[in-house]
Amino acid sequence: EGISNLKAEHCDALNSAVEAERGERDKLHLQTMKLIEEEISTEREERHQERQQTWKLLEEEISSLRAQHSGALDSAIEAEREESQKLQQSTWKLVEESIADLREHQSDALNSRVEAESEERHKLRQDAWKFV
């Protein structure tokens with residue numbers, strides 16, 4: 001009976017030690033998991049901040065490029081307007097010169113026709129006087 005009691009006490013002590021060891025192991029496991037979760041959370045937050053900073057830099061670069069290209073585009077548009085205006089002015093000048101040439105040609109043609117008709121009438125009068 002004494003040995004049985006010793007065995008029982010020894011088993012109880014051993015079971016208690018095993019339970020304490022399990023409890024300690026579970027506690028360490030939970031602490032480890034908590035540390036891992038915190039590390040993962042910290043890593044995620046750092047990556048998130050890095051991505052935000054990268055996006056901010058990209059947006060600034062895009063904005064800068066837009067401003068540069070906008071200025072260049074504005075200059076190109078202004079140059080195109082000036083060129084178009086010059087072309088329009090030279091076109092109108094050619095049109096006005098052509099109209100003036102046509103008027104002069106028509107005037108010369110009309111004057112020639114009037115002169116020819118006048119000469120024709122003069123000949124007809126002379127011929128008519130010959131018969132009289």
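This is a predicted model: local features need pLDDT of at least 70, side-chain atom pairs count only at pLDDT 80 or more; totals for chains, interfaces and linings use all residues.
Residues are numbered from 1 along each chain as its sequence is written, and side-chain values use heavy atoms, with hydrogens and water left out.

The protein chain contains one helix and zero strands, these elements being DSSP runs numbered from the N terminus (helices H or I, at least four residues; strands E, at least two). Helix H1 spans residues 2–131. Along the principal axes, the C-alpha atoms fill a box of roughly 185 × 25 × 5 Å. Within helix H1, Ala109 and Arg44 are 65 residues apart along the chain, with 93 Å between their C-alpha atoms.

Of the 132 residues, 0% count as buried (buried, under 20% relative accessible area; exposed, over 50%; partly exposed, in between; 1.4 Å probe, protein chains only). The accessible surface comes to about 12700 Å², and 54% of this area belongs to carbon and sulfur atoms; areas come from the Shrake-Rupley method with a 1.4 Å probe, and for residues only the protein chains shown count as cover.

Two surface patches were examined, a patch comprising residues with over 30% relative accessible area and no salt bridge, where like charges are joined within 9 Å and nonpolar side chains (Val, Leu, Ile, Met, Phe, Trp, Tyr) within 5 Å. Glu96, Glu97, Asp101, Glu104 and Asp108 form a patch of negative charge; Glu96 counts as exposed because its relative accessibility is 53%. A nonpolar patch consists of Met33, Ile36 and Ile40, with about 230 Å² of accessible area together.

Four salt bridges were counted, each defined by a side-chain nitrogen of Lys or Arg within 4 Å of a carboxyl oxygen of Asp or Glu. Among them, Arg47 pairs with Glu43 at a closest N and O separation of 3.9 Å, and these residues are separated by about one helical turn because they lie four residues apart in helix H1. In the salt bridge of Arg81 with Glu78, the closest N and O atoms are 3.8 Å apart. Arg81 is exposed at 55% relative accessibility, whereas Glu78 is partly exposed at 37%.

Technical notes:
Lys and Arg count as positive and Asp and Glu as negative; His and the chain ends are not counted. The place of a charge is taken as NZ of Lys, CZ of Arg, CG of Asp or CD of Glu.
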